Amino acid sequence: MQSALQGIRVIDFGHVLAGPWCTMQLASLGAEVIKVETRSRPDEQRAQHGKGAVANLEANSNFFEINLGKKSVTLNLTTEEGKALAKQLVATADLVLENMRPGVMAKLGLDYDELRKVKPDIIMLSLSGFGGTGPLRRYAAYNPCFTSVGGTSNLTGYAEKKPNTMTNSGGDARAGTAAVFAALVALKFRQETGKGQYIDSSSSEVINSMIGDQMMDYAMNQRSPRRHGNTDKVMAPHNVYRCAGQDAWLSIAVGSEDEWAGLVRAMGNPAWASEADFATMSARKANEARLDQLIGEWTADKDHVATMHLLQGEGVAATPSFKASELFNDPHVLARGQVQEVDHAVLGTRKTITSPYRMSETEVAIRGTAPFIGADTAYVLKDILKLDDAEIARLEEAKVIY
């Protein structure tokens, strides 16, 4: 099958997580993604492995996970010739991505105004913590920062405890995925009009836009939503319950009387389920603490996967809270082809999660492993920029290519 973005070239100045995640998704859709790096300032995900100059820049699993299917060219952007080569490369491309702090690309002479001089219809996507304008535009931001400013941290956790920041890379992935959407829209617009454009994407605004109905109470009533743990405003039960085994949990949510009846049947019609305290949704909500205790006693000696199947058979929304080992070996996940093995010369054969898209007419796939730094420098300089061996040797000696 043909890939959706076949023939599209992306120049990736991204680093850390959000930017590289976006371009990896574009690569899975068929774009040729060329990552611009330098050994003097490698991607943070490369450099986090080991210490100092002895660090193995090819041995970081985090870099592997978010740079699959890309090419790598080493250009030292602190040199004038390095910047000039970067511009020549952009002149052959369709889209440029960067997720440095606002202002950095301008200092390098590689901002949108400069790049469209060499490629008038170029699309440039800048992804930063707080966007390119406004009082916070130059503030540093990692995932906990923009998920906090985005509003999710204050909504996450238990009412009696402090807010929970999103400590994994979920916020970065959300911001990167939203950037994919923006890039596709810009490519479609250029296809129809011939015009490129600049995309200013704020990670904190992406997070805020995904809060949904949580902000409606403030918009309508000027009341700020509060943390409420795993509970729901209406549904009960709505929680995770301990099961047999180490750190095994089952999520159960009941949203109707039919689903409640299914849960009661699955539990063997216990006598307490017929009490007035649990006769209606509102009564169950009013007696939620006791209800959670009773359901937890029922699940405590049960296998969480088997109990999921039991409850789902009765029409109850119930799923295990998967650990990584369970996720990578779950029959449904495997049947969907969501786990793929990818070979890497240093890390060996690794399992990774594929892109979440399934299309009938366009191929979506992991098209290769994460690149070694500079692995495709010769291809970029010779095949794309048409430099000869003598010129490349001179640039290497001058550490323009480094």
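Student: W272 first: buried or exposed?

Tutor: W272 is buried, at a relative accessible area of 15%. Buried means under 20%, exposed over 50% and partly exposed in between, with a 1.4 Å probe and protein chains only. Please note that this is a predicted model, in which local features need pLDDT of at least 70 and side-chain atom pairs pLDDT 80 or more, while totals for chains, interfaces and linings use all residues. Residues are numbered from 1 along each chain as its sequence is written, and side-chain values use heavy atoms, without hydrogens and water.

Student: Thanks. How many aromatic pairs does the structure hold?

Tutor: There are 2 aromatic pairs. In one of them, the ring centres of Y112 and Y198 are 5.6 Å apart and the planes stand at 35 degrees, so this pair is tilted. Rings of Phe, Tyr and Trp (its six-membered ring) pair if their centres lie within 6.5 Å; planes under 30 degrees apart are stacked, over 60 edge-to-face, and the rest tilted.

Student: Where do Y112 and Y198 lie?

Tutor: Y112 belongs to helix α6 (residues 112-118) and Y198 to strand β6 (residues 198-202), so the pair ties together parts 86 residues apart in sequence. Helices (H or I, at least four residues) and strands (E, at least two) are DSSP runs numbered from the N terminus.

Student: How accessible is Y112, and how accessible is Y198?

Tutor: Y112 is buried at 13% relative accessibility, whereas Y198 is partly exposed at 37%.

Student: Back to W272, then. Which residue does W272 pair with?

Tutor: W272 pairs with F278 in an edge-to-face arrangement, with 5.5 Å from centre to centre and 80 degrees between the planes. F278 is buried, at 1% relative accessibility.

Student: New topic. What sits over the ring of Y402?

Tutor: The charged end of K399 does, 4.7 Å from the ring centre. The rule asks for NZ of Lys or CZ of Arg within 6 Å of the ring centre and within 35 degrees of the ring normal.

Student: And what lines the largest pocket?

Tutor: Its lining has 50 residues, and V16, L17, A18, S169 and D172 lie nearest the centre. A pocket is an open set of points on a 1 Å grid where a 1.4 Å probe fits, with protein on both sides within 12 Å along at least five of seven lines; lining residues have an atom within 4 Å of a point.

Student: Which element gives the largest share of that lining?

Tutor: Helix α1 does, with 6 residues. Among the other elements that supply at least two residues each are α8 (170-193) and β11 (348-353).
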